[in-house]
Amino acid sequence: MDNDNIVSSLVKQARSGSREAFDELVLLHRRRVMGIARAIVSDSSTAEDIVQETFLQTFMHLRSLNDPEKFVPWLDRIVRNQSFMRLRKEKNRRRFVALHGKPNGTHEDEGDWIAHDSDYTRGLTYDLDPAELHERQELLRQTASLLSVLTNRERIVFTEHIFGHKSAAEISENMRIKPSNVYNLLSRAKTKLKQETLQQELEPYLSERRAAGKPVSILLPGQPLRWDRGCYHSFLSITCEMLHLIPNGRTYSLTDISGLTGHAFRLCISPDLGPSGFTGFDWPSMVKSSWRNLGFTVKTEGRPGSVVPDVETAANAIRLVQQSLEHGYPSMGWNLSAAEFGMIYGYDDDVRQLTVADISGPNRRLAYAELCTLNGSPELFAAVVTGPDPDMRAPDGKLLLGKAVVQSLSAAVAHMRGEEKETRGYVSGLRAYDAWIEAFRTGAFINKLDHAMNVLLVLEARHHAARFLDKLQADFISKFGKSGASEWLQPLQAAQAYYERSEHCWHALARRFSYPDCGNPFDPGEAAAAIRLLEQAKDAEMHAAAALEGWVQRFSEGIIGLEYERAPKFFT
């Protein structure tokens with residue numbers, strides 16, 4: 001990667017809140033900024049002050065830079081403006097002294113007249129330029145407002161580390177506290193500043209809502225979150241719960257949702273079989289396609305793998321959630337209290353809180369400001385339902401089931417054959433079987449608990465795959481009779497048989513590595529037996545993909561597909 005691309009990548013990460021990326025930008029450009037400042041002001045001490053002020057303004061306004069590739073000229077403009085501003089101020093100071101003498105309370109050896117508005121910036125030099133004075137005052141006001149939420153110790157540690165570029169060890173020595181205390185203070189300071197920044201970002205929006213007469217609070221009716229449904233996959237559980245809260249919505253079983261969204265046929269893992277494997281897909285595109293097959297459109301905010309949950313993403317997520325709730329639709333969120341999917345089904349602007357439900361339980365309250373500081377997690381994601389998808393609805397408003405099934409099974413085939421774009425760091429489809437087998441051969445597990453949970457997730461998915469295909473066949477028979485649907489039943493029967501064979505293999509794996517005991521995947525004998533079962537499951541799913549592909553082609557092109565579409569009985 002060339003230097004321009006490196007800088008552009010660092011800018012994007014820093015805009016998302018990465019402290020490490022911002023530090024890298026400072027290290028890469030500090031000498032350049034110092035050289036420009038020194039060339040203009042001809043004084044090393046003054047140039048050092050300008051460098052500090054330049055990076056302060058860069059830190060405060062980085063999100064206003066629309067094009068990361070223009071970072072360097074943008075930074076050059078900031079340092080030149082700061083340098084020339086300093087020269088004009090010095091000129092104005094000398095002119096003021098010549099005309100009026102020194103201001104009261106100052107002495108010749110004090111140099112520039114500084115208002116110590118904070119410990120990390122020299123504040124306002126006496127200046128006769130109203131525009132420059134206003135700009136400087138506004139910057140200091142914003143900074144002081146943010147830092148006011150910190151304790152004195154937090155503020156000192158934060159400013160010394162961020163703007164003074166001092167290491168934790170240096171701060172520890174200067175303040176005579178343990179390095180661990182420095183890290184704790186830094187962590188608390190960053191969390192508070194993020195929350196305060198989000199609060200300030202939201203205030204104008206919330207004021208506009210009040211002025212427009214928008215509802216101050218909403219709580220969708222119903223009893224959400226029945227974790228007794230026995231589903232390990234939180235995306236499927238939350239999707240099921242959301243559908244139960246949607247007005248005039250249809251009742252779906254977990255098998256219905258697993259099949260129509262395609263998750264029954266998916267397999268995605270990290271090479272070390274870590275706990276995040278089954279959520280290792282591109283969330284925005286997958287969530288949109290899943291809900292499309294259920295007959296709804298969605299909008300998303302955020303995505304997995306971002307550096308940190310940034311304030312702008314959190315603010316946009318809250319706006320989308322509120323708009324969706326005003327139309328009677330709940331929303332899906334990631335990491336509402338844990339690294340799982342959860343549901344948002346209420347808000348209250350007076351207390352600045354969302355009402356959420358996830359694996360921790362229903363009716364939890366989550367402060368708006370907490371969305372950008374959740375558990376130190378690097379991911380924030382929200383998906384909101386915006387309404388029925390007209391392309392997936394019949395004139396009477398019912399789901400076009402045949403279209404949904406074709407889209408789901410077509411995507412399943414593409415996924416298993418590796419035609420779907422993979423998320424970096426994860427392996428999916430039939431290739432995931434190869435990665436799992438290789439993990440057994442090398443013993444490359446994070447831990448056996450994670451491995452056991454992955455086994456249960458795949459077993460659950462394959463169970464729903466076989467049941468979904470069985471239900472689809474029953475629906476054909478009820479409409480066309482067994483003889484009339486025989487041509488269309490054969491590939492479905494074959495695919496169901498193969499998924500039942502795969503399910504049998506995963507049952508055997510679950511017995512060997514039962515959760516929570518988890519067995520011993522590191523034992524050579526157990527590993528050899530597991531490899532044989534994985535090879536058999538892979539072979540079954542290769543044949544299942546071929547059978548499904550044949551059925552999709554026949555159904556898409558055949559008259560029976562049109563007849564089936566007109567009067568599906570799948571959910572009746």
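Predicted model: local features only at pLDDT ≥ 70, side-chain atom pairs only at ≥ 80, totals over all residues.
By the rule applied, four cavities of 30 Å³ or more are counted. The lining of the largest cavity is made up of 14 residues, and those lying nearest its centre are His233, Leu236, His263, Phe278 and Ala461. Helix α15 supplies the largest share of this lining, with four residues.

Aromatic contacts were examined next. The count comes to 14 aromatic pairs. In one of them, Phe265 and Phe468, the ring centres are 6.4 Å apart and the planes stand at 80°, so the pair is classed as edge-to-face, the cut-off for that class being over 60 degrees. Distant parts of the chain are linked by this pair: Phe265 belongs to the loop between α10 (254-261) and β2 (268-269), whereas Phe468 is in helix α15 (residues 448-484), and 203 residues separate the two. Phe265 counts as buried because its relative accessibility is 0%. The relative accessibility of Phe468 is also 0%, and Phe468 therefore counts as buried. Elsewhere, a cluster connected by ring pairs comprises Phe235, Phe281, Trp283, Trp334, Phe341 and Phe381.

Arginine side chains are also placed over aromatic rings. Arg393 lies over the face of Phe296, at 4.8 Å from the ring centre. Arg319 is set over the face of Tyr205, with a distance of 5.2 Å from the ring centre; Tyr205 is among the buried residues of helix α8.

Helix α8 (residues 179-211) contains 33 residues and spans 48 Å from its first C-alpha to its last, close to the 48 Å expected at 1.5 Å a residue. A kink of about 35° is located at Glu203, shortly before the proline Pro204. The buried residues in α8 are Val182, Leu185, Leu186, Ala189, Leu193, Leu198, Leu202, Tyr205, Leu206 and Arg209. In an α-helix, residues three or four places apart point the same way, because there are 3.6 residues a turn. Just after α8, Gly213 adopts a positive phi of about 75°.

Helix α12 (residues 311-326) has 16 residues and reaches 23 Å between its first and last C-alpha, close to the 22 Å expected at 1.5 Å a residue. Buried positions in α12 are Val311, Thr313, Ala314, Ala315, Ala317, Ile318, Leu320, Val321, Gln322, Ser324 and Leu325. Gly328 follows α12 and has a positive phi, near 90°.

Key
Residues numbered from 1 in each chain as written. Heavy atoms only, no water. Expected span 1.5 Å × (residues − 1). Bend = angle between axes of the 7 residues up to and from the residue. Buried < 20%, exposed > 50% of the residue type's maximum accessible area, 1.4 Å probe, protein only. Phe/Tyr/Trp six-rings, centres within 6.5 Å; stacked < 30°, edge-to-face > 60°. Lys NZ or Arg CZ within 6 Å of the ring centre and 35° of its normal. 1 Å grid on protein atoms, 1.4 Å probe; cavity = no way out; pocket = protein on both sides within 12 Å on 5 of 7 lines; lining within 4 Å. Points joined across faces, edges and corners; volume = space filled by probe spheres on them.
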